[in-house]
Amino acid sequence: MGDELKIQMPRVKLGSQGLEVSKLGFGCVGLTGTYNAPLSEEDGISIVRHAFSEGITFFDTADVYGANANEILVGKALKQLPREKIQLATKFGIVNLSPMLVKGTPEYVRSCCEASLKRLDVEYIDLYYQHRVDTSVAIEETVLFFIQF
């Protein structure tokens, strides 16, 4: 099918907990029209598969990209690839792009994470992080979700 890794991409470690990713990652924002015209589902999936075949294993999306459509598309693309060879990142925290509205309460983070898991149709997210910081919530409260999860 052409989805096997053709190139041995250099890898790097992120942080201190052992996550290792391809040195070149793929930001998926452009697939679903957040800042541009959206691609067809077929084209978007084809691009993700091509990136993987070229050695990219780190894919980054967010719940806000394409008003949730990006995570759905990326999830469909990942179903066609070996999940154990993929490092998946997604973000939370932006409720609205225009005007920019952010939220970082632990309850909101949990609901976003659960929704992202469903949209991506995956059992786990390798890197889940805050897209924008909610300055009205102490960062210790926001990260409380990660400690409890």
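Asparagine 68 is found in the loop between E4 and H2. Helices (H or I, at least four residues) and strands (E, at least two) are DSSP runs, numbered from the N terminus. This is a predicted model: local features need pLDDT of at least 70, side-chain atom pairs count only at pLDDT 80 or more, and totals for chains, interfaces and linings use all residues. Residues are numbered from 1 along each chain as its sequence is written, and side-chain values use heavy atoms, leaving out hydrogens and water.

**Exercise 1. Backbone**

Solution. Most residues other than glycine have a negative phi, and most peptide bonds are trans. Proline 99 lies in the loop between strand E6 (94–96) and strand E7 (101–102).

**Exercise 2. Helix packing**

Task: Describe how H1 packs with H2, then how H2 crosses H3.

Solution. Two packed helices are described by the angle between their axes and the distance between the axes. Axes are lines fitted to C-alpha atoms, for helices over the stretch in contact, and angles run from 0 to 180 degrees between N-to-C directions.

Step one: helix H1 (residues 41–53) and helix H2 (residues 69–78) pack at about 55 degrees, with axes 9 Å apart. That makes H1 oblique to H2. Angles under 35 degrees count as roughly parallel, over 145 as roughly antiparallel, 65 to 115 as roughly perpendicular and the rest as oblique.

Step two: list the contact (heavy atoms within 4.5 Å). H1 gives Glu41, Gly44, Ile45 and Val48; H2 gives Leu73, Lys76 and Ala77.

Step three: turn to H2 and helix H3 (residues 106–120). Their axes come within 7 Å and cross at roughly 45 degrees. H2 and H3 are therefore oblique to each other. Glu71, Ile72, Val74 and Gly75 of H2 meet Ser116, Arg119 and Leu120 of H3.

**Exercise 3. A charged pair**

Task: Which residue forms a salt bridge with lysine 91?

Solution. Side chains of opposite charge can pair when their charged atoms come close. A salt bridge is a side-chain nitrogen of Lys or Arg within 4 Å of a carboxyl oxygen of Asp or Glu. The partner is aspartate 60, with the closest N and O atoms 2.4 Å apart. Lysine 91 sits in strand E5 (residues 87–92) and aspartate 60 in strand E4 (residues 58–60), so the pair links distant parts of the chain, 31 residues apart.
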